[in-house]
Amino acid sequence: MPAMTISAWLRRAARLGVVAGVALIYLSLVGLVGAFEERDVVTDVLKLGTLMLAAVAVIAGYRAALPPKTAAAPPGVMRLAAGVLAGTVAGAFVGALLLLAATPIDLQTVFVRLNAALIAFLSFDAESPVVGAALQIGLNAVLGGVGAVLVLLPDRFRRPLVFATLAVALVSMAEPYVRPRLDQLDMDPIADFLYSGHGLTVAASVVVFVLVTAVAVAWAPARSQVDRRLAVLPAERRRSVRFTSFILIGLLVLALPLITGQFISQVLVLVGLYLLLALGLNIVVGYAGLLDLGYVAFFAVGAYLMAILTSADGPLGAPMVAIAGEQGAFFVALPIVMVGAALTGLMIGAPVLRLRGDYLAIVTLGFGEIARILFLSDALEPWLGGVQGIIGIPSPLPQRVDFALGPIEISWSGPQVIFYPIVLFCLLAAVVAYRLAGSRVGRAWNAMREDEEVAEITGVNTVNYKLLAFAMGAGLGCLSGALFAIQLGSVFPGSFNVLVSITVLAIIILGGMGSIPGVILGALVLIGLPELLREFAEYRLLVYGGVLVAMMLLRPEGLIPNRGRQRELHEQDDEDEQYAHEAGEDVAKPVVA
Amino acid sequence: MSDEQTSSVEEMPVTRSEAPPPPPTAAPSDGPILEVHGLTKRFGGLVANRGIDFDIPRGSIVSIIGPNGAGKTTLFNQLTGVYAPSEGTVTFEGTSLVGLAPHQVAELGIARTYQNIRLFQNMSVIANVLVGRHVRMKAQWFQAILNLRSVREEEERSRERARELLKLVGLRRRYEEELAKNLPYGDQRRLELARALANEPKLLLLDEPTAGMNPGETRQMTDLIAQLRRELSLTILLIEHDMKVVMGVSERITVLDYGEKIAEGLPEQIRANPRVIEAYLGKQAATS
């Protein structure tokens with residue numbers, strides 16, 4: 001491969017610097033920096049806002065130093081230079097902003113967040129804007145260089161450093177939830193060591209950083225060794241090892257609510273509800289390729305059907321409670337809810353059979369809104385309660401579970417209890433999705449997604465399989481709605497707006513379409529993280545949008561792409577045969593079915 | 001694909017996985033497998049096919065040739081149920097195909113390949129073949145969710161059969177889990193053929209199977225077509241531009257021009273037919 005010319009290489013770096021500079025200014029002016037400014041990552045040393053801005057420059061430097069795809073990589077010095085250049089250009093943008101803010105031009109009437117506090121923050125409290133600008137340029141240049149160094153470092157150092165930084169930030173952000181929990185568990189000394197009241201203490205940051213780095217450095221060789229050991233085990237033993245690890249992970253998940261306490265359990269419940277939705281929508285969008293933007297309709301149908309069937313406040317006067325009592329009503333109602341939702345799926349699917357892509361997206365978006373307006377409408381108020389919704393939905397779960405094992409007393413309450421059925425349903429949904437994906441049905445859906453016309457000519461009844469996808473997606477989505485209803489004890493039309501559809505879609509795109517582990521990670525990141533970062537609340541949609549755009553540009557297949565699945569399924573296939581074939585030996589084998 | 005693999009393919013005894021159809025001579029009807037009468041297709045004012053008649057004898061290889069725009073692909077689309085004919089009948093083994101949906105036609109045992117390769121790009125090679133086998137499999141969604149023994153067994157059998165087909169068309173074993181879009185061009189054509197064969201078709205429609213291939217690959221494909229007919233007791237209908245392929249492999253040739261059949265017969269007859277030469281080369285060439 002020919003090497004890039006020096007000027008082309010530097011131009012590329014400068015371009016990245018411009019992008020980063022615009023991003024820095026954008027983050028500052030939109031108010032994100034200001035919002036994060038109050039929060040310390042490391043007490044009195046590092047603010048969250050600083051970390052965010054620094055990350056932009058580091059990423060710019062990192063990307064600038066990455067070897068180009070189509071040409072040979074330039075020497076290390078040039079790559080370092082590219083990183084520094086990208087950082088410098090980015091810093092120049094912020095510097096220019098500072099200088100501009102110092103002129104008599106009144107920028108704040110347009111950019112309301114460009115206040116004195118922000119300027120002081122960006123110029124490091126320097127009196128003169130020139131000094132501030134110079135500091136910005138110099139610092140960003142260094143950060144760009146750091147990004148470039150990260151590229152040049154071997155994998156086994158880079159990963160631990162990045163992980164450790166992220167870990168420090170995460171542990172710090174978790175303070176408002178972890179600290180009270182530690183106090184509850186009588187672990188005050190640990191709490192006091194970790195947190196100062198507004199961020200990690202310096203000592204704790206160092207400990208966390210070193211600890212995570214050490215674990216991550218040790219992890220890679222340990223892992224490859226484990227893999228090697230596993231590989232030589234017979235298939236029987238390998239299965240039992242895998243089974244054991246599943247059990248261990250399962251136990252950990254089951255213990256989570258107890259360890260983390262009320263608030264985080266509540267967050268996990270929310271993650272679980274969205275995960276259930278995402279697993280359902282994944283069938284429609286990921287497997288069958290039908291872009292459905294009205295998925296919230298099934299969430300709503302599940303919740304309302306459950307409410308109508310079990311609430312004394314509902315129009316039917318709780319028929320299921322009459323049959324099975326308050327505790328059993330949920331279980332009797334659930335199959336009816338699922339069938340009802342699947343029928344709704346067919347009703348929504350049937351008229352849009354001939355639509356594809358954008359058109360399908362627009363029509364389903366409309367259906368989602370129609371559903372919300374129906375639930376809100378006065379005409380249906382006698383049945384659905386209009387704005388008031390339906391209250392008094394009985395929960396099959398006890399408010400509180402106490403458990404005494406000798407001297408140890410454990411108790412679960414509220415979200416800690418409902419966490420378990422949600423995990424169970426998520427697991428069921430994942431198994432259903434997994435088995436369908438690997439079957440004749442899943443392949444037919446995939447074929448339809450790839451080329452509908454050819455799928456039909458090849459023998460797939462595309463009408464039936466589209467309807468099946470809508471019905472299956474609806475059936476899983478309504479589970480989430482039903483659980484949502486018993487969790488809150490009431491349903492209101494306001495809970496079912498278009499944002500739910502968009503969020504669920506974002507989870508799938510972030511995680512990786514058609515990939516079940518991807519969807520799980522997506523739900524944790526998009527639902528879990530914003531709950532931890534309350535400052536986000538105002539900017540949540542902005543961040544979602546940014547994340548989606550970034551994913552489309554940088555990694556359209558998602559964080560955990562759906563690949564290698566078939567390989568996994570058939571690892572027992574004797575590799576010997578494959579090698580024999582390469583050597584031309586299996587030619588003699590008769591081919592008999 | 002190497003030549004060595006081609007030769008290995010020819011040595012392989014091939015059997016069909018399910019009840020093999022009786023040999024052509026013992027077939028219930030020794031008549032044509034497909035009969036087309038007065039087939040006409042109009043798109044608005046444009047007549048793409050006008051009153052076409054032809055038969056395909058069971059077990060034969062028949063070619064359809066004609067200049068670009070002669071209506072060959074429209075004809076294929078009517079045979080597979082993509083277009084409903086404006087007039088005329090299409091009868092496959094005594095069953096009328098008119099009004100059937102494409103997937104129903106596929107179920108009867110008609111499979112096709114495409115002029116511009118149309119694989120399921122983001123699916124693995126073996127999954128592509130398994131979709132081709134869709135009509136011969138039975139697993140329903142609830143059975144798949146329960147992962148019944150019958151489903152697992154059917155899946156295993158189908159995979160086995162798919163591997164045999166991949167081997168038959170000469171695709172390497174290590175490509176099995178590769179995404180279809182990552183295969184080289186010639187292998188994509190082979191995969192498309194394997195997908196069509198997975199249907200266990202009685203009639204195979206090939207739309208320019210050697211388009212874009214070099215002479216070596218073309219020869220291999222021609223050999224493969226002849227071999228498939230022999231070993232899988234297939235009937236093959238071929239659209240082809242390459243006269244060498246057409247003359248070498250087909251027993252009968254039908255010539256279309258401006259949507260009408262202008263000639264039909266043995267390869268030598270077609271080669272000498274002045275109307276055919278006129279259609280391809282112009283009036284002057286035909287008279288001179």
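Me: What share of the 288 residues in chain B is buried, and what makes a residue count as buried?
Reply: In this predicted model, buried residues make up 44% of the 288 residues in chain B.

Me: Why is B:Leu146 called neither buried nor exposed, but partly exposed?
Reply: B:Leu146 has 13 C-beta neighbours inside 10 Å. B:Leu146 is placed in helix H5 (residues 141-146) of chain B. From B:Gln78 it is 68 residues apart in sequence and 39 Å apart in space, C-alpha to C-alpha.

Me: What secondary structure does chain B have, and how many of its contacts with a separation of 6 or more join residues 24 or more positions apart?
Reply: Chain B comes to twelve helices and ten strands. Residues 24 or more positions apart account for 68% of those contacts.

Me: Why are S2 and S5 of chain B said to stand at the edges of their sheet?
Reply: Four strands of chain B form an open sheet in the order S2-S1-S4-S5, with antiparallel pairing. Strand S2 (46-57) and strand S5 (95-96) each have a single partner strand, so one side of each is left without a neighbour in the sheet.

Me: How do you know that S1(B) and S2(B) pair?
Reply: Pairing requires at least two bridges, and eight bridges join strand S1 (residues 32-43) of chain B to S2(B), the two running antiparallel. Within this pairing, B:Leu34 stands opposite B:Ile56 in S2(B).

Me: In which sense does S9(B) pair with S3(B), and in which sense with S10(B)?
Reply: Strand S3 (residues 61-65) and strand S9 (residues 252-257) of chain B pair in the parallel sense over four bridges, with B:Ser63 opposite B:Ile253 in S9(B). S9(B) and strand S10 (residues 260-265) of chain B pair in the antiparallel sense over five bridges, and here B:Asp257 stands opposite B:Glu260. The hairpin of S9(B) and S10(B) has two residues between the strands, and B:Tyr258 takes a positive phi near 45°.

Me: What makes S4(A) hardly covered, and how is S4(A) joined to S5(A)?
Reply: Strand S4 (residues 400-405) of chain A has six residues, and the count of buried residues among them is zero. Six bridges join S4(A) to strand S5 (residues 408-413) of chain A, the strands running antiparallel. The bridge partner of A:Val401 in S5(A) is A:Trp412. S4(A) and S5(A) form a hairpin with two residues between them, and A:Gly406 in the turn has a positive phi of about 65°.

Me: Why does the radius of gyration of chain A agree with that of a compact globule?
Reply: For 593 residues, a compact globule would have a radius of gyration near 25 Å; chain A has 28 Å, which agrees. The C-alpha atoms of chain A fill a box of roughly 75 × 75 × 60 Å along the principal axes. Buried residues make up 41% of the 593 residues.

Me: How do you know that the end-to-end span of H19(A) agrees with its number of residues?
Reply: At 1.5 Å a residue, the 27 residues of helix H19 (residues 462-488) of chain A should span 39 Å, and the end C-alpha atoms are 39 Å apart, which agrees. H19(A) is mostly covered, with 23 of its 27 residues buried. After the helix comes A:Gly489, whose phi is positive, near 80°.

Me: Which residues have the most contacts inside the largest nonpolar core?
Reply: They are A:Ala278, A:Met306 and A:Ala469, in a core of 174 residues. Helix H11 (residues 235-287) of chain A contributes the largest share, 17 residues. A second, separate core of 57 residues includes A:Trp9, A:Val56, A:Ala90 and A:Leu98.

Technical notes. Residues are numbered from 1 along each chain as its sequence is written. Chains are lettered from A and ligands numbered from 1 in the order in which they are written. This is a predicted model: local features need pLDDT of at least 70, side-chain atom pairs count only at pLDDT 80 or more; totals for chains, interfaces and linings use all residues. The radius of gyration is taken over C-alpha atoms; the globule rule is 2.2 Å times the number of residues to the power 0.38. A residue is buried if 20 or more other C-beta atoms lie within 10 Å of its own, exposed if 12 or fewer, and partly exposed in between; C-beta atoms are placed from the backbone. A nonpolar core is a set of buried Ala, Val, Leu, Ile, Met, Phe, Trp, Tyr and Cys residues joined through C-beta atoms within 7 Å. The expected span of a helix is 1.5 Å times one less than its number of residues. Two residues are in contact if their C-beta atoms, placed from the backbone, lie within 7 Å.
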